[in-house]
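Let's take a walk through this fold, one piece at a time. Have the sequence and the 3D view open as you read.

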Amino acid sequence: MIDRLRQLAIFAKTIDHGSFRGAARELRLSPSVVSHHISQLEDHLGVALLYRSTRKLALTREGESLLAATRKMLEAVEGELQGLSASASAPSGELRITLPSVLSRSELTQRIATFTKAYPRIQLLLDFSDQRRELIGDRFDLAIRMGPDAKTSATLRKLFSVERRIVASADYLAAHPPILTPDDLPNFNWLTLAPVQSVPLALRNGEGVKAVVNPQTRLFTNDAQSLYCLAREGAGLAAVPDFLATEDVAAGSMEVVLPDWQLPSIAVYAEWPSNAPKHGLTHLVLKALS
């Protein structure tokens, strides 16, 4: 089939130039090779396509019919190649991305929105889920994860860090003794993310003093947003990403507990398949989200 397509292209180019020599010059072939390809095409079809003389070429009736069909084929291929060239300058396609649901409230959504404005021909399918989705098994092009700092590798990159705060509703704190040091924390009701329930709270103040707390949890949930909502309703204390509480703290309905003590930040990082093209859509969105 490939040989036939090559012969058809040579046939059309020969008619365009009116001679074997002219076609050979543009195709960087010898005139004898051009003549050979057309002869092979005629032998395969069992018809004569050209009338040959020492001065000119003329199409047979069968040659005219084949030339019309060949031109349509070449025009279609040329149009597709031009479309692909345009796509290179204006990227298009679909990207499937899985993200923790809590990040729907983070700065990441602003970066995604900016990306979609810059590349309107790229379609994004965002799966905000608290269930850890498999990158390959669930057919995602990119996975955004949260956790301890991850080492950068060929298929993993840190995007940014999220600070955490211990928060509680102003009403809840007003009804209980003041919290002055980390040693006071175990005396309160705690709300905890189930996936990290066995991880103690490690705090550090501005002077470098460390404290480790193992709070007694009364309520577990697997969703950071619901954890925060419960804390806002006065169910107890919770360690949450600070972007969840920013507005409520500013409004006075929520308070940061022990503001002089910091929790370790959480890394937000991206993971992608090893066979993702280096200059493809996955790396294009990675650059925008970093």
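Why is strand β12 (residues 237-241) largely enclosed by the rest of the structure? Because 5 of its 5 residues are buried, buried meaning under 20% relative accessible area with a 1.4 Å probe, protein chains only. Strands here are DSSP runs of E with at least two residues, helices are runs of H or I with at least four, and both are numbered from the N terminus.

A quick word on ground rules: this is a predicted model, where local features need pLDDT of at least 70 and side-chain atom pairs count only at pLDDT 80 or more, while totals for chains, interfaces and linings use all residues. Residues are numbered from 1 along each chain as its sequence is written, and side-chain values use heavy atoms, leaving out hydrogens and water.

Now look at who sits beside β12. Strand β7 (residues 164-169) runs antiparallel to β12, joined by 4 bridges, and Arg164 stands opposite Pro241. Strand β8 (residues 190-193) pairs with β12 in the parallel sense over 2 bridges, with Trp190 partnering Leu237. Pairing takes at least two DSSP bridges between the strands.

On to the nonpolar cores, which are sets of buried Ala, Val, Leu, Ile, Met, Phe, Trp, Tyr and Cys residues joined through side-chain atoms within 4.5 Å. The largest has 34 residues, and Leu159 is one of those with the most contacts inside it. Leaving aside neighbours within four places in sequence, Leu159 is in contact (heavy atoms within 4.5 Å) with residues including Ile144, Val268 and Leu289. A second, separate core of 18 residues includes Trp190 and Leu237, the pair we met as bridge partners.

Conventions:
Buried means under 20% relative accessible area, exposed over 50%, partly exposed in between (1.4 Å probe, protein chains only).
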